[in-house]
Amino acid sequence: MRILWIGAHPDDELFVAPWLARLRTTAGAKIAFLIATRGELGVCSPTLRSELDLGSVREAEMKDAAASFDAELQFLGWRDGIARQPEDVLRGWASDAGGRKALRKQLRDAVEGLSPDWIVTFDRRHGCTWHADHRALGALVQSLALSIPVTLAESRITFSSPLHIQPGVREAEPVDCRDTWDDLARDMASHRSQFDPETVELFRNVPQEQRIVWLLHLPAWRRWRYLRDNVAGAATRVKSFVRDSVRARAARA
Ligand SMILES: [Zn+2]
């Protein structure tokens with residue numbers, strides 16, 4: 001089975017990294033990354049000085065990250081951070097591509113070239129961080145109406161201490177990723193220009209009960225019975241684990 005993460009920038013895969021790692025180990029999944037921009041307008045860590053432009057630095061970091069997942073990697077080469085509203089981002093990308101139809105064709109061709117069985121991308125409603133590029137890309141992927149199942153990244157994360165990982169929408173499902181949590185820290189460490197070692201450590205040391213990736217499976221997902229059951233089983237286990245911990249804490253209080 002081939003799983004394709006479609007992200008807006010190098011490092012966006014962190015929202016699902018422990019889950020991708022989990023699918024590699026439990027279901028033998030092959031991972032591919034399709035990244036819309038090179039992240040050239042992102043903020044560069046002040047501790048990192050480079051002769052290269054940020055887009056080249058981040059492209060190289062994404063190659064490292066992909067290699068650690070043994071994943072195929074492709075960039076779409078769209079412009080980073082061109083607008084503050086998703087609709088304006090889509091307008092800008094479409095104008096670069098020669099129209100909406102041409103933009104959708106670029107994305108569809110890239111997806112078909114990577115021949116995934118399953119796609120994971122942003123939820124256009126919040127894009128995990130409200131970033132306009134994330135939300136625009138989520139909307140664009142959904143607008144393709146692909147026959148491939150699509151799952152949305154739903155983890156909303158505070159990137160500073162104390163770290164909290166919350167679901168972006170009420171109907172999101174938690175997936176217990178305690179076994180592959182280290183893969184998140186490893187992925188973040190690949191993106192040296194974006195995360196300083198303290199931030200990586202903060203994520204590495206998240207309390208066990210917070211080691212969850214929140215997801216929302218869109219309906220076509222139901223065709224993939226085996227994986228649905230696998231994830232649903234994990235979701236039930238993590239729900240009861242969280243419930244038991246809350247009760248235990250209440251009992252102590
Ligand atoms: Zn991003």
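Which residues of strand 8 are buried on one side, and which on the other?

Modeller: Glu-173 and Val-175 are buried on one side of strand 8, and Pro-174 and Asp-176 on the other. Strands here are DSSP runs of E, at least two residues long; helices are runs of H or I, at least four residues long; both are numbered from the N terminus.

Two ground rules apply. Residues are numbered from 1 along each chain as its sequence is written. The model is predicted, so local features need pLDDT of at least 70 and side-chain atom pairs count only at pLDDT 80 or more, while totals for chains, interfaces and linings use all residues.

Now the sheet. Strand 8 pairs with strand 9 (residues 212–217) in the antiparallel sense, over four bridges. Two strands pair if DSSP finds at least two bridges between them. Asp-176 stands opposite Ile-212 of strand 9. The open sheet has seven strands in the order 3-2-1-4-5-9-8, and its pairing is mixed. Strand 3 (72–78) and strand 8 (173–176) stand at the edges with a single partner strand each, so one side of each has no neighbour in the sheet. The twist averages 30° from one strand to the next. For angles, axes are lines fitted to C-alpha atoms, for helices over the stretch in contact; angles run from 0 to 180 degrees between N-to-C directions.

Elsewhere in the sheet, strand 1 (residues 2–7) pairs with strand 2 in the parallel sense, over six bridges. Ile-3 has Ile-31 of strand 2 as its bridge partner. Helix 2 (residues 54–68) packs on the sheet and touches strand 2 and strand 3. Its direction makes about 155° with that of strand 3. Touching, or contact, means C-beta atoms, placed from the backbone, within 7 Å.

Next, the core. The largest nonpolar core holds 55 residues, and Val-16 and Leu-20 have the most contacts inside it. Such a core is a set of buried Ala, Val, Leu, Ile, Met, Phe, Trp, Tyr and Cys residues joined through C-beta atoms within 7 Å. Strand 2 (residues 30–37) gives the largest share, six residues. Beyond four places in sequence, Val-16 touches Trp-5, Val-120, Ala-153 and Val-213. In soluble globular proteins, nonpolar side chains tend to be buried together.

Several loops deserve a look. Pro-10 lies between strand 1 and helix 1 (17–27). It counts as buried because it has 31 C-beta neighbours inside 10 Å. Leaving aside neighbours within four places in sequence, its contacts include Ile-35, Arg-58, Met-62 and His-191.

Cys-128 sits in the loop between strand 4 (118–122) and helix 5 (132–143). Its phi is positive, about 70°, although it is not a glycine. Cys-128 is buried, because 22 other C-beta atoms lie within 10 Å.

Ala-145 lies in the loop between helix 5 and strand 5 (150–153). Its phi is also positive, near 45°. But Ala-145 is exposed, because 8 other C-beta atoms lie within 10 Å. Leu-146 is in the loop between helix 5 and strand 5. It is partly exposed, with 16 such atoms within 10 Å. Not counting residues up to four places away, Leu-146 touches Val-111 and Ile-119.

A cis peptide bond joins Ser-161 and Pro-162, with omega about -5°. Pro-162 is in the loop between strand 6 (155–157) and strand 7 (165–167).

Last, the whole chain. The protein has eight helices and nine strands. Its radius of gyration is 18 Å, close to the 18 Å that the globule rule gives for 253 residues, so it is as compact as a globular protein of that length. That radius is taken over C-alpha atoms, and the rule is 2.2 Å times the number of residues to the power 0.38. Of the 253 residues, 40% count as buried.

Confidence averages a pLDDT of 90, and 91% of the residues score at least 70. Over residues 221–227 the pLDDT is below 50. pLDDT is the predictor's confidence in each residue, from 0 to 100. Where pLDDT is low, the predicted coordinates should not be read in detail.

Notes:
Buried ≥ 20, exposed ≤ 12 C-beta atoms within 10 Å, placed from the backbone. Contact = placed C-beta atoms within 7 Å.
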